Amino acid sequence: MECIFCQIVAGKVPGEILYQDEEVVVFHDINPQAPVHLLITPRKHIPSLAQLSEVESPLIGHMVDVANELAKREGISESGYRLVINCGEEGGQLVAHLHMHLLGGRQLRGGLG
Ligand code: 5GP
Ligand code: ZN
């Protein structure tokens with residue numbers, strides 16, 4: 001198994017998992033860009049948004065639900081936060097396993113790249 005996020009999702013990297021259910025696993029980003037920087041990651045290895053089928057797209061809604069819940073838990077629901085999914089090389093995606101960033105806990109800048 002080469003994909004690092006598949007390994008984390010499978011529990012092969014100890015101590016990282018913050019939340020999990022049947023569809024997704026949440027863990028801290030190894031190189032946090034904000035005081036709160038979590039990765040909401042489907043258990044299923046879908047390489048990117050570009051490979052997400054219409055049948056699979058309700059997963060994105062679930063990922064948003066989980067991110068909103070985690071934002072509450074982390075105490076940033078009121079102050080605000082950002083959800084980001086990078087797709088492909090020019091979209092800034094580094095890990096080829098679909099994931100959503102939850103960023104918050106500081107004033108984020110307005111730029112989007
Ligand atoms: P992308 O650029 O693909 O949207 O984001 C990938 C993110 O995964 C980066 O923010 C990077 O810091 C994080 N990351 C890369 N490798 C690992 C890892 O082994 N463990 C964790 N927890 N995060 C990782
Ligand atoms: Zn994977």
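These are my notebook entries on the fold, the surface and two sites of a predicted model.

**Conventions.** I number residues from 1 along each chain as its sequence is written, and letter chains from A and number ligands from 1 in the order in which they are written. As the model is predicted, I required pLDDT of at least 70 for local features and pLDDT 80 or more for side-chain atom pairs, while totals for chains, interfaces and linings use all residues; side-chain values use heavy atoms, with hydrogens and water left out.

**Entry 1: fold.** I looked up the secondary structure and found 2 helices and 5 strands in the protein chain. I took both from DSSP runs, numbered from the N terminus: H or I of at least four residues for helices, E of at least two for strands. Read from the N terminus, the order is α-β-β-β-α-β-β. The radius of gyration is 14 Å, close to the 13 Å of the globule rule for 113 residues, so the protein chain is as compact as a globular protein of that length. That radius is taken over C-alpha atoms, and the rule is 2.2 Å times the number of residues to the power 0.38. Along the principal axes, the C-alpha atoms fill a box of roughly 35 × 30 × 25 Å.

Entry 2: Among contacts with a separation of 6 or more, 55% join residues 24 or more positions apart; a contact means heavy atoms within 4.5 Å. The protein chain exposes about 6,800 Å², of which carbon and sulfur atoms supply 51%. I note that this area comes from the Shrake-Rupley method with a 1.4 Å probe.

**Entry 3: aromatic pair.** I searched for ring pairs, with centres within 6.5 Å for Phe, Tyr and Trp (its six-membered ring) and planes over 60 degrees apart counted as edge-to-face. The count came to 1 aromatic pair. Phe-5 and Phe-27 form this edge-to-face pair, at 5.2 Å centre to centre and 75 degrees between the planes. The pair links distant parts of the chain, with Phe-5 in helix 1 (residues 4-9) and Phe-27 in strand 2 (residues 24-28), 22 residues apart. Phe-5 is buried at a relative accessible area of 7%, and Phe-27 is buried at 1%.

**Entry 4: His-97.** I located His-97 in the loop between strand 4 (81-84) and strand 5 (100-104). His-97 is buried, with a relative accessible area of 0%. Leaving out residues up to four places away in sequence, I list among its contacts Cys-3, Phe-5, Cys-6, Arg-43 and His-45.

Conventions. Buried means under 20% relative accessible area, exposed over 50%, partly exposed in between (1.4 Å probe, protein chains only). Rings of Phe, Tyr and Trp (its six-membered ring) pair if their centres lie within 6.5 Å; planes under 30 degrees apart count as stacked, over 60 as edge-to-face and the rest as tilted.
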